[in-house]
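Please find below a colleague's note on the model, written for a first reading. The points are numbered so that each can be checked against the structure in turn.

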Amino acid sequence: MDSNYTKIFTGNRFTAQRIEAKLKEIGINAVIKDESDSARLAGFAANVDGELEVHVHSDEIDKAEPIVKLIVVRQED
């Protein structure tokens, strides 16, 4: 199956939610993928602190990547 979405970030819930909020401010609707939540809903044991993935439409990557870099760099300082 072809997808028009590209993963731009994988990491903790806090950072993924910050990225999602900033992207929304500039008109980008990101898709958050939480494998641990999917596993829990399917009845499998899952790590509560699993990593989340942030995906954006392929046409919006150029606008989204600088936002991700800015947030990740700020957290490392």
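1. **Basis of the note.** This is a predicted model, in which local features need pLDDT of at least 70 and side-chain atom pairs count only at pLDDT 80 or more, while totals for chains, interfaces and linings use all residues. Residues are numbered from 1 along each chain as its sequence is written, and side-chain values use heavy atoms, with hydrogens and water left out.

2. **Overall make-up.** The protein contains 3 helices and 3 strands. Here helices (H or I, at least four residues) and strands (E, at least two) are DSSP runs, numbered from the N terminus. Read from the N terminus, the order of elements is β-α-β-α-β-α. Of the contacts with a separation of 6 or more, 69% join residues 24 or more positions apart; contact means heavy atoms within 4.5 Å.

3. **Surface and burial.** The protein exposes about 5500 Å², and carbon and sulfur atoms supply 49% of this area. Accessible areas come from the Shrake-Rupley method with a 1.4 Å probe, and for residues only the protein chains shown count as cover. Of the 77 residues, 30% count as buried. Buried means under 20% relative accessible area, exposed means over 50%, and partly exposed lies in between (1.4 Å probe, protein chains only).

4. In what order do the 3 strands of the open sheet stand? The order is 1-3-2, with antiparallel pairing. Strand 1 and strand 2 are the edge strands, each pairing on one side only. On average, neighbouring strands of this sheet are turned by 30° against each other, direction ignored. Helix 1 packs on the sheet and touches strand 1, strand 2 and strand 3; the direction of helix 1 makes about 20° with that of strand 3. For such angles, axes are lines fitted to C-alpha atoms, for helices over the stretch in contact, and the angles run from 0 to 180 degrees between N-to-C directions.

5. **Strand 3 and its partners.** Strand 3 (residues 52–57) has 5 of its 6 residues buried. Strand 1 (residues 5–11) pairs with strand 3 over 6 bridges in the antiparallel sense, and strand 2 (residues 31–34) is joined to strand 3 by 4 bridges, also antiparallel. Two strands are said to pair if DSSP finds at least two bridges between them. For valine 31 the partner in strand 3 is histidine 55, and isoleucine 32 stands opposite valine 54.

6. **The nonpolar core.** In soluble globular proteins, nonpolar side chains tend to be buried together. A nonpolar core is a set of buried Ala, Val, Leu, Ile, Met, Phe, Trp, Tyr and Cys residues joined through side-chain atoms within 4.5 Å. The largest such core in this model has 15 residues, and Ile8, Phe9, Ile19, Leu23, Val54, Val56 and Ala64 have the most contacts inside it. Strand 1, helix 1 (13–25), strand 3 and helix 3 (61–76) each supply at least two of the core residues. Helix 3 gives the largest share, 5 residues.

7. Threonine 15 is found in helix 1. Is threonine 15 buried or exposed? Threonine 15 is buried, with a relative accessible area of 2%. Leaving aside neighbours within four places in sequence, threonine 15 is in contact with Phe9, Ile71 and Gln75.

8. **Salt bridges between elements.** The structure holds 3 salt bridges, each being a side-chain nitrogen of Lys or Arg within 4 Å of a carboxyl oxygen of Asp or Glu. In one of them, lysine 7 pairs with glutamate 53, the closest N and O atoms being 3.9 Å apart. Because lysine 7 lies in strand 1 and glutamate 53 in strand 3, the pair ties together parts that are 46 residues apart in sequence. Lysine 7 is partly exposed at 44% relative accessibility, and glutamate 53 is buried at 17%. Arginine 13 and aspartate 34 also meet in a salt bridge, at 2.9 Å from N to O. Arginine 13 lies in helix 1 and aspartate 34 in strand 2, so this pair ties together parts that are 21 residues apart in sequence.

9. The side chains of glutamate 25 and lysine 22 meet in a salt bridge of 3.6 Å, N to O. These two residues are separated by about one helical turn, because glutamate 25 and lysine 22 are 3 residues apart in helix 1. Glutamate 25 counts as exposed at 59% relative accessibility, whereas lysine 22 is partly exposed at 38%.
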